[in-house]
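This report goes through a single protein chain, from its overall make-up to selected residues. The sequence and the model come first.

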Amino acid sequence: MKTFPGRVAIGVMAIVFAGSGAAWAQGLRPPKADVVLLTAVDAVRAGESVRVAIQVTLPEGLHVNANQPRDPSLIPVVLTVESPAGVSVDEIAYPMPTDLVQQGAELPLAVYERRFTIGVGLDIAGSVASGEITVPARLRYQACDDKICYVPGTVATGWTLRVVPPGTAVTAQNLAGDFPGLAGQ
């Protein structure tokens, strides 16, 4: 039987690279960020504003770069709110970042660790009809640990608001502290 050492070596290398590539890709998948959506009231009156928030929880030992990292080459966390007709975003309030000192880095990183909340102020037009309205949102993030940053991920989510006519009673829910940095607190 005749063997072809070059072909065997190429075949073995292909198997090794394919296996290590799968392991590499598996290890760099974005860790799942769990999100909880909050609203300040059980309903919003047409013609008024409402505060909503997204609480983000990362797996233990992970952080994300702040919305405005000190190093512009880093990937920031970004919440994008897709306003339906009659809804406008008044503001998005990111929390104050914490400093993470990394060996060899000139400046500490501005990060959000393990659990953080992003507040959003929404204005509901007076012309919005009573009923439910969905306000879609996307959270883009890149989770990192003390050694490596994973492939960026996106969580598609959104708030469902119950719009009621002006003058209708609404009930506060969640704590005021759940909506950090929003004007009017």
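## Chain and fold

From the N terminus on, the elements of the chain run α-β-β-β-β-β-β-β-β-β-β-β-β. That makes one helix and 12 strands, where helices (H or I, at least four residues) and strands (E, at least two) are DSSP runs, numbered from the N terminus. The model is predicted, so local features need pLDDT of at least 70 and side-chain atom pairs count only at pLDDT 80 or more, while totals for chains, interfaces and linings use all residues. Residues are numbered from 1 along each chain as its sequence is written, and side-chain values use heavy atoms, with hydrogens and water left out.

Of the 185 residues in the protein chain, 33% are buried. Buried means under 20% relative accessible area, exposed over 50%, and partly exposed in between (1.4 Å probe, protein chains only). Among contacts with a separation of 6 or more, 74% link residues 24 or more positions apart; a contact means heavy atoms within 4.5 Å.

## Nonpolar core

A nonpolar core is a set of buried Ala, Val, Leu, Ile, Met, Phe, Trp, Tyr and Cys residues joined through side-chain atoms within 4.5 Å. The largest one has 34 residues, and those with the most contacts inside it are Leu79, Leu122, Leu139, Trp159 and Leu161. At least two residues of this core come from each of strand 3 (49-57), strand 5 (78-81), strand 8 (109-113), strand 9 (115-124), strand 10 (131-141) and strand 12 (153-164). In soluble globular proteins, nonpolar side chains tend to be buried together.

Leu161 lies in strand 12 and counts as buried because its relative accessible area is 4%. Its partners include Val50, Val52, Leu122, Ile124, Ile133 and Val135.

Gly119, in strand 9, is buried with a relative accessible area of 0%.

| Pair | Separation along the chain | C-alpha distance |
|---|---|---|
| Ala172 and Val41 | 131 residues | 4.3 Å |
| Gly119 and Ala93 | 26 residues | 4.9 Å |
| Leu161 and Ile133 | 28 residues | 5.3 Å |
| Asp99 and Leu109 | 10 residues | 5.5 Å |

Ala172 sits in the segment after strand 12 and is exposed, because its relative accessible area is 64%. Not counting residues up to four places away in sequence, Ala172 touches Ala40 and Val41. Asp99 belongs to strand 7 (residues 98-100); with neighbours within four places in sequence left aside, Asp99 is in contact with Arg70, Pro108 and Leu109.

The link joins Cys144 to Cys149, with an S to S distance of 2.1 Å. It is right-handed, with 105° about the S-S bond. Cys144 is buried at a relative accessible area of 1%, whereas Cys149 is partly exposed at 39%.

His63 is in strand 4 (residues 63-65) and is buried, since its relative accessibility is 4%. Leaving aside neighbours within four places in sequence, the contacts of His63 include Cys144, along with Gln142, Ala143 and Asp145. Others on the list include Leu100, Val111 and Tyr112.

## Backbone at Arg114

Arg114 is placed in the loop between strand 8 and strand 9. Its phi is near 30°, a positive value in a residue other than glycine. Most residues other than glycine have a negative phi. Arg114 is partly exposed, because its relative accessibility is 35%.

## Second largest pocket

On a 1 Å grid over the protein atoms alone, a pocket is an open set of points where a 1.4 Å probe fits, with protein on both sides within 12 Å along at least five of seven lines; lining residues have an atom within 4 Å of a point. The second largest pocket has a volume of about 190 Å³. Its lining has 14 residues, and the closest to its centre are Asp71, Leu74, Ala105, Leu107 and Leu109. A volume is the space filled by probe spheres set on the points, which are joined across faces, edges and corners.

By class, the lining has seven nonpolar, three polar and four charged residues. Here Ala, Val, Leu, Ile, Met, Phe, Trp, Tyr, Cys and Pro count as nonpolar, Asp, Glu, Lys and Arg as charged, and the others, Gly among them, as polar.

Notes. A disulfide is a pair of cysteine sulfur atoms within 2.5 Å.
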